Amino acid sequence: MKALVAFFSASGITKAVAHTLAEAINANIYEIIPQNPYTKADLDWTNEQSRTTLECKDKTSRPQIANHIDISSYDVIFVGFPIWWYSTPHIILTFLETHDFSGKVVVPFCTNGGGEWSNAPKDMQKTCPNAIFKEGKKFNFGASKASMKKWIESLNLG
């Protein structure tokens, strides 16, 4: 099984979790970098006019990605992100829509300060109907390699 940990991180928390996960399973890592980086003001979820609030309200918004990767050689792709408004940041949908995930195993993981992520897996599956989705997991900052390995083993990836 050749695995990739692809992630988007706005504050660094998801990045730390993604690196720990990649180490735990000996996977390659790819950071999804926005073409137009998010500022602190963009990330202000309390501001109805902040960039992230407007993106999440507009179901068609797809922020552009600055860097690209060829995923064709990977069997399993872990996709990590912070939860924004109970789902994935739209840059994750951009990533999913710009690649062919047919027959690939996709495993979502997220970081969040306390909210639910109930919409995220459903939104991702709609975007990649030909992928094989496994049950994702929500991690807190500082999650251990041991807890990640235990979760991965429970997925029966082969």
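# Exercises on a predicted model

At 46% relative accessibility, Glu48 counts as partly exposed, because buried means under 20% relative accessible area, exposed over 50%, and partly exposed in between (1.4 Å probe, protein chains only). The model is predicted: local features need pLDDT of at least 70 and side-chain atom pairs count only at pLDDT 80 or more, while totals for chains, interfaces and linings use all residues. Residues are numbered from 1 along each chain as its sequence is written, and side-chain values use heavy atoms, with hydrogens and water left out.

## Exercise 1

Place Glu48 in the chain and list its contacts beyond four places in sequence.

Solution. 

Step 1. Glu48 sits in the loop between β2 (28-31) and α2 (51-57). Helices (H or I, at least four residues) and strands (E, at least two) are DSSP runs, numbered from the N terminus.

Step 2. With neighbours within four places in sequence left aside, Glu48 is in contact with Thr53, Leu54 and Lys57; contact means heavy atoms within 4.5 Å.

Step 3. The side chains of Glu48 and Lys57 are joined by a polar contact of 2.4 Å. A polar contact is a pair of N or O atoms within 3.5 Å; within protein, one must be able to donate a hydrogen and the other to accept it, and residues adjacent in sequence count only if both atoms are side-chain atoms.

Step 4. Phe8 is 40 residues from Glu48 along the chain, and their C-alpha atoms are separated by 22 Å.

## Exercise 2

Describe the setting of Asp44 and name its side-chain partner in a polar contact.

Solution. 

Step 1. Asp44 is also found in the loop between β2 and α2. Its relative accessibility is 29%, so Asp44 counts as partly exposed.

Step 2. Not counting residues up to four places away in sequence, Asp44 touches Ser50, Thr52 and Thr53.

Step 3. The partner is Thr46: a polar contact of 2.5 Å joins the two side chains.

## Exercise 3

How many disulfides does the structure hold, and where is the closest cysteine sulfur to that of Cys110?

Solution. 

Step 1. A disulfide is a covalent bond between the sulfur atoms of two cysteines. The test applied here is a pair of cysteine sulfur atoms within 2.5 Å.

Step 2. A search of the whole structure finds zero disulfides.

Step 3. For Cys110 the closest cysteine sulfur is in Cys56, 14 Å away, which is too far for a bond.

Step 4. Cys128 is in no disulfide either; the nearest cysteine sulfur, that of Cys110, is 17 Å away.

Step 5. Cys110 is buried at 0% relative accessibility, and Cys128 is buried at 5%.

## Exercise 4

Is Phe101 buried or exposed, and which residues is Phe101 in contact with beyond four places in sequence?

Solution. 

Step 1. Phe101 lies in the loop between α3 and β4 (105-111). At 3% relative accessibility, Phe101 counts as buried.

Step 2. Leaving aside neighbours within four places in sequence, the contacts of Phe101 are Ile71, Ile77, Phe95, Leu96, Val106, Cys128, Asn130 and Ala131.

Step 3. Phe101 and Ala3 are 98 residues apart in sequence, and 13 Å apart in space, C-alpha to C-alpha.

## Exercise 5

Solution. 

Step 1. Most residues other than glycine have a negative phi.

Step 2. Asn26, in the loop between α1 (13-25) and β2, has a positive phi near 55 degrees. Asn26 is exposed, with a relative accessible area of 71%.

Step 3. Asn156, in the segment after α5 (145-154), has a positive phi of about 50 degrees. Asn156 is exposed, with a relative accessible area of 61%.

## Exercise 6

Describe the lining of the second largest pocket.

Solution. 

Step 1. On a 1 Å grid over the protein atoms alone, a pocket is an open set of points where a 1.4 Å probe fits, with protein on both sides within 12 Å along at least five of seven lines; lining residues have an atom within 4 Å of a point.

Step 2. The lining has 13 residues, of which Lys59, Ser87, His90, Leu93 and Asp123 lie nearest the centre of the pocket.

Step 3. α3 (90-97) and α4 (119-127) each supply at least two residues of this lining; the largest share, four residues, comes from α4.
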